[in-house]
Every structure is written in structure tokens, then in C-alpha cells.
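Please keep the sequence and the structure in view while reading.

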Amino acid sequence: MAPYRNQRAAALPARLSRSWLLTSAADPSVFPAALASEADSVVFDIEDAIPADGKDQARRNVVEALEAGASAWVRINDITTPYWEQDLAALSRVGRLRGIMLAKTEHPDHITKTAMMAPAGTPVVALIESAVGIMNANDIARAPGVFRLAFGVGDFRRDTGVSADPMALAFARSSLVVASRVGELPGPIDGPTLGASGEELAQACAVTQSMGMTGKLCLDPDQTDGINRNLAPSEQEITWARELITQHDSGHVVGDGSYLPRLARARKVSELAQTYGIWNR
């Protein structure tokens, strides 16, 4: 497999990744399309997408791809399964591993043990998919080795019986946002919206953004561009930020208590827009 990677996405720090594309490791022929997509981060999946009798082959597929020069994250099986240790042992021998996404994280020691068995310095995304995980989110966010939190919506709904309505999921999303702030992590990654495109995907991203989450999982490469656009600063925000920064740099300062927070927000918008390559378009 050619070690191709979208250069824009490859250069983007994972703390700022908006679209996280889960790609089944059962069929390595789909890896090149995923790596060439607009996904900020590509995640080879050897957990949910793989039946028990396919785990060994999927793991080999991932190792071969990474050894051939591909650069990606890998979603591994959860710590309660016999596959967890096998996954980590295999990944410890390869290069170009961007990081690990740990399925069904419920306790901080799940992260700590994973980080200890992974190659030194490997970032670990804690995929939280249950009520227990949500209630332990603050501790998970402070666990040594944790890089970012992610929300496994489907499994969380199965665990709790809640609907897909944003109001029903608001507590869980807010818990991850608050925990990320407590743990001084980047904003959390929201779960996928299956089959959505166009306005439906934009509305789903609006929920993600309004809750304070800054990334989103997806299973379809065609969703990645829409997620990137909808989770980046809007044209209206960029125009506002540019005007405020220009006024400030020219010596025009408004002396009320809201000014410094607004200026800080404008500079953050400017930094994000420049990183995403949309500040001067």
C-alpha cells in the first residue's frame, strides 16, 4: 500500500483534529481512500468493525499498513477483552502510529495501563461509551497518558436506553466537555451521525459545536469535508475577529469589561482559522 497521506491533514496537530474517520481494518484496500480523504485524523478500527474470528487478520492488516508507511490512529479493543493485550503488543513494534483510541474506557486505570503498554509517548484517546464512563469522566481526563476524550454515542445509547435527541444526550456531552476542561485537554470528540449529509450533517455539527465539543467521529469519508467546514470558524466569525483585531492593532480600544474576553476570543478564532487554512481565503 502506498504511504499516501493528505498533506494538509497530516500536518495538523491532533489536538485540533475535527473529523476522525473510523476505517474498518477488515479490508486494507479501503485504507488508501481513507488516508487520501479530507479527514483530519484517520483511525484504523480493529474493534467494533471486526468480528471475533477476524481480529487476528485485521490486526495484521494494520501492522502491515503502518510498516508500509501509512500514518494513522488505531482503535483497539477494550481492556476487558483478550484482544487488548494482543493489539498493544502488535502496535509496539511499528512506526508511524499516530496514537491509540481505547474502546469502552470506563476507569482511569484503563488509560494508564494502555499508555504504559504502548510505545513511550503514544497519545491515547479515551472513547467513553457507557454510563460508568461518563460518571468517571473527570478522573479519566486526568489519567496519565490521556490525550483527548471521545463520545461513543451508539454504545452509550444501548447502555442507557436514551434516544438520539440532543436533549437526551446533553448531560453526557456536557460531562465530557467539563471533564476535558478539568483535565486541561483539547475539546472532546463527539460521536458519529450515520448517513447524514448536507444540511442534516450541518445541524448535527451545530449540536456538537454548541455543546463545546470540537471534533466528530465519522465512518464515511464523504462526511469529512462537511465536518471540517462546520466545526471550523464560520465566515461571519472570521470577519468579526479580523475587524476586532485590526481595530485593536490600530489603537482603538473599548474600555468596558467585555473587551478583553472578546479580544481573546477573536485571537483564538484567528489562530484556528490560520491553522485550518481559511483565515485569508
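**From the whole to the parts**

Of the 281 residues in the protein, 50% are buried, where buried means under 20% relative accessible area, exposed over 50%, and partly exposed in between (1.4 Å probe, protein chains only). The model is a predicted one, in which local features need pLDDT of at least 70 and side-chain atom pairs count only at pLDDT 80 or more, while totals for chains, interfaces and linings use all residues. Residues are numbered from 1 along each chain as its sequence is written, and side-chain values use heavy atoms, with hydrogens and water left out.

The protein comprises 13 helices and 8 strands; helices (H or I, at least four residues) and strands (E, at least two) are DSSP runs, numbered from the N terminus. Its radius of gyration is 19 Å, which agrees with the value near 19 Å for a compact globule of 281 residues. This radius is taken over C-alpha atoms, and the globule rule is 2.2 Å times the number of residues to the power 0.38. Along the principal axes, the C-alpha atoms fill a box of roughly 65 × 40 × 35 Å.

Among contacts with a separation of 6 or more, 68% are accounted for by residues 24 or more positions apart; a contact means heavy atoms within 4.5 Å. The protein exposes about 12800 Å², of which carbon and sulfur atoms supply 53%. Such areas come from the Shrake-Rupley method with a 1.4 Å probe, and for residues only the protein chains shown count as cover.

Strand E1 (residues 19–24) has 5 of its 6 residues buried, so it is largely enclosed by the rest of the structure. E1 pairs with two strands, where pairing requires that DSSP find at least two bridges between them. With strand E8 (residues 215–218), E1 pairs in the parallel sense over 3 bridges, and Leu21 stands opposite Cys218 in E8. With strand E2 (residues 41–45), E1 is joined by 5 bridges, again running parallel; here Trp20 stands opposite Ser41.

Strand E6 (residues 146–151) is likewise largely enclosed by the rest of the structure, because 5 of its 6 residues are buried. Strand E5 (residues 124–128) runs parallel to E6 and is joined to it by 5 bridges. Within this pairing, Ala126 has Leu149 in E6 as its bridge partner.

Two residues illustrate contrasting surroundings. Glu106 lies in the loop between strand E4 (97–102) and helix H5 (108–117) and is partly exposed, with a relative accessible area of 24%. Although Glu106 and Gly133 are 27 residues apart in sequence, their C-alpha atoms are 3.9 Å apart. Beyond neighbours within four places in sequence, Glu106 is in contact with Ser130, Val132, Gly133, Asn136 and Ile140. Leu244, by contrast, belongs to helix H12 (residues 235–249) and is buried, with a relative accessible area of 7%.

Finally, the backbone deserves attention. Most residues other than glycine have a negative phi. Arg96, however, has a positive phi near 60°; it is placed in the loop between helix H4 (83–91) and E4 and is partly exposed at 48% relative accessible area. Glu184 also has a positive phi, of about 55°. It is found in the loop between helix H9 (166–182) and strand E7 (189–190), and at 70% relative accessibility Glu184 counts as exposed.
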